[in-house]
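Welcome, and please open your viewer. We will take a short walk through one protein, selecting one thing at a time.

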Amino acid sequence: VMDKKNTIEGLASTIRGSVRFVRETAYAIIYCMSRLDLQFYGFSGLSGPLSEALFSDSIWLSTHQQSNLLNLVRYLVDDCPVDYREQFLPQLLAACFRQMDAKVNGEWERMEKQQTCVVDGEAGLKEEMKAESILRQVTYTAVMMVADFLDPTKSNSHTLKSRSRKDGLEDEPSRPYPSLRKFCLMRQEIVEPLLVFCTHGIRMRDTRCCGMVLRLFISLVPEFQLVQGQGQYGSTGNVH
């Protein structure tokens with residue numbers, strides 16, 4: 001917008017850029033703080049306020065800016081010590097999946113309504129194509145994040161104790177921890193918004209993402225099969 005820097009549009013662009021810079025810097029600070037391990041993930045009561053701060057108003061972010069937020073969540077989840085997942089992840093993931101569904105699904109619905117109207121000229125068509133391209137990319141980022149969290153081959157992160165040891169993997173505690181996939185599926189507050197997002201993902205007009213979501217469902221359905229002769233689910237007994 002260099003040719004419009006002395007216009008109202010240029011002023012608005014400058015303001016948006018300044019706010020975007022502050023927000024992205026805040027994301028970077030949060031990520032750097034997460035490298036403190038115990039002082040971050042072990043801070044009692046942090047997950048709730050952090051989730052509220054990240055997602056309470058994030059639906060008003062532009063579609064393009066959603067990717068930065070989702071990438072931050074992915075880093076926080078991947079780096080969370082496996083023995084601190086129970087304390088840190090449920091509120092964060094539940095808020096993330098709810099917001100992600102509301103934003104992405106809402107944008108696709110809005111896009112569909114706009115496409116029923118006549119586009120005003122070539123400039124309008126270009127803007128529409130640009131907006132759809134950005135939405136497809138954000139949708140792909142969201143679906144890829146879900147697929148990564150639910151990957152049955154994804155290995156667990158180390159415990160906090162093993163990270164502090166120089167020899168790393170040696171002397172790992174014998175306590176078994178569920179994979180991130182099972183951790184998500186075992187908790188109703190996480191799996192419910194996750195499945196709602198995946199259900200809406202089938203309707204999104206992006207063949208690549210729809211195919212990935214369908215493959216996810218194929219792998220997830222057996223997880224919810226009832227054990228014969230028992231009134232509970234085979235591996236996700238807390239899901240109803």
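**The whole fold**

Start with the cartoon view: the secondary structure of the protein comes to ten helices and zero strands (helices are DSSP runs of H or I with at least four residues, strands are runs of E with at least two, numbered from the N terminus). Reading from the N terminus, the elements go α-α-α-α-α-α-α-α-α-α. This is a predicted model, where local features need pLDDT of at least 70, side-chain atom pairs count only at pLDDT 80 or more, and totals for chains, interfaces and linings use all residues. Residues are numbered from 1 along each chain as its sequence is written, and side-chain values use heavy atoms, with hydrogens and water left out.

Now show the surface. Of the 240 residues, 40% are buried (buried means under 20% relative accessible area, exposed over 50%, partly exposed in between, with a 1.4 Å probe and protein chains only).

**Helix α1 and what follows**

Next, select residues 8-34, which are helix α1, and find I8 there. Is I8 buried or exposed? I8 is exposed, with a relative accessible area of 68%.

Then move on to D37, in the loop between α1 and α2 (38-41). Check its backbone: phi of D37 is near 60°, a positive value in a residue other than glycine.
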